[in-house]
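Hello,

Here is the structure I promised to pass on to you.

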Amino acid sequence: MAAGRPPPAGGVTRRIVHRGQSLYRAGDAFANLYQLYAGSMKLRITNSAGMEQIASFPIAGALLGLDGIDTGHYACDAIALEDSLTCILPFADLVARSRADAPSALQLSRAIAQETNHYRRLIMVLAGMNSEERVAHFLQDISERMAAGGYSSREFVLKMTRADIARYLGMKIETVSRAFTRLHLARILDVRGRHLRIRDPDALRRLGAGR
């Protein structure tokens, strides 16, 4: 299992989700949020025609299940990209605690706001960036989240496939591969399969910002 935050304390209900397994599926009745303590996931949406869109790639520290609050059913499939450890947070308990605990209410509100902001940024990326800028923005986001979790921000292994990245960024797999190749040839990245080393963080940041 990949390293992440320290395991939750005794008394907390834990759930291990092995690589390729689902934490929950779209349409499942909503009852819990989940704190991701170790590992990584992908949130996948499938429309009525069977087309798939990756909504996000949560890593350790993320709060999962917010997509179920609105309708009472989860809207996404949450699939483990590697063996992952989660903590089950019954939503009814969180709501009850929030009524009597202002910091808990604020923390939940921030998590919902962060989720909303993530999708707003994704819409802006899909609407206004070319292929290299989209991939650079994606890698810059991964780098920042790795740093926030205490990992190296410049050298890491991507747990998702190129196909997953393509579905996330609204691109073809071949276009994603060509963008990685161009970033490698420009000496912004070293790319060996899923292993990445960011050679020029400033250039990646500028490209990912659309400049």
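First, some ground rules. This is a predicted model, in which local features need pLDDT of at least 70 and side-chain atom pairs count only at pLDDT 80 or more, while totals for chains, interfaces and linings use all residues. Residues are numbered from 1 along each chain as its sequence is written, and side-chain values use heavy atoms, with hydrogens and water left out. Helices (H or I, at least four residues) and strands (E, at least two) are DSSP runs, numbered from the N terminus.

Let me start with the helices. Two packed helices are described by the angle between their axes and the distance between the axes. Axes here are lines fitted to C-alpha atoms, for helices over the stretch in contact, and angles run from 0 to 180 degrees between N-to-C directions.

Helix α3 (residues 131-148) and helix α5 (residues 173-185) have axes that come within 9 Å and cross at roughly 75 degrees. That makes α3 roughly perpendicular to α5 (angles under 35 degrees count as roughly parallel, over 145 as roughly antiparallel, 65 to 115 as roughly perpendicular and the rest as oblique). On the α3 side, the contact (heavy atoms within 4.5 Å) is made by Ser131, Glu132, Val135 and Leu139. Thr175, Ala179, Phe180, Arg182 and Leu183 make it from α5. Sorted by class, this contact has five nonpolar, two polar and two charged residues (Ala, Val, Leu, Ile, Met, Phe, Trp, Tyr, Cys and Pro count as nonpolar, Asp, Glu, Lys and Arg as charged, and the others, Gly among them, as polar).

Helix α4 (residues 162-169) also packs with α5, at an angle of about 105 degrees and with the axes 8 Å apart. These two helices are therefore roughly perpendicular to each other as well. Arg162, Ala163, Ile165 and Ala166 of α4 meet Ile173, Val176, Ser177 and Phe180 of α5. Six nonpolar residues, one polar and one charged make up this contact.

How many of the eight residues of α4 are buried? Seven are, so α4 is largely enclosed by the rest of the structure (buried means under 20% relative accessible area, exposed over 50%, partly exposed in between, with a 1.4 Å probe and protein chains only). Tyr168 and Leu169 are among the buried ones. After α4 comes Gly170, with a positive phi near 70 degrees.

Ile173, in helix α5, is partly exposed because its relative accessibility is 39%. Leaving aside residues up to four places away in sequence, Ile173 touches Arg162, Ala163 and Ala166. Further along, Arg187 lies in the loop between α5 and β10 (189-192). Its phi is near 60 degrees, a positive value in a residue other than glycine, and Arg187 counts as exposed at 53% relative accessibility.

Now to Asp77, in strand β7 (residues 77-80). Is Asp77 buried or exposed? Asp77 counts as buried, because its relative accessibility is 9%. Its side chain reaches the backbone nitrogen of Ala26 at 2.8 Å. Not counting residues up to four places away in sequence, the residues that Asp77 touches include Tyr24, Arg25, Lys42 and Thr46.

Last, the cysteines. Cys76 is buried at 3% relative accessibility, and Cys87 is buried at 4%. The structure holds zero disulfides (pairs of cysteine sulfur atoms within 2.5 Å).

Best wishes

Conventions
A polar contact is a pair of N or O atoms within 3.5 Å; within protein, one must be able to donate a hydrogen and the other to accept it, and residues adjacent in sequence count only if both atoms are side-chain atoms.
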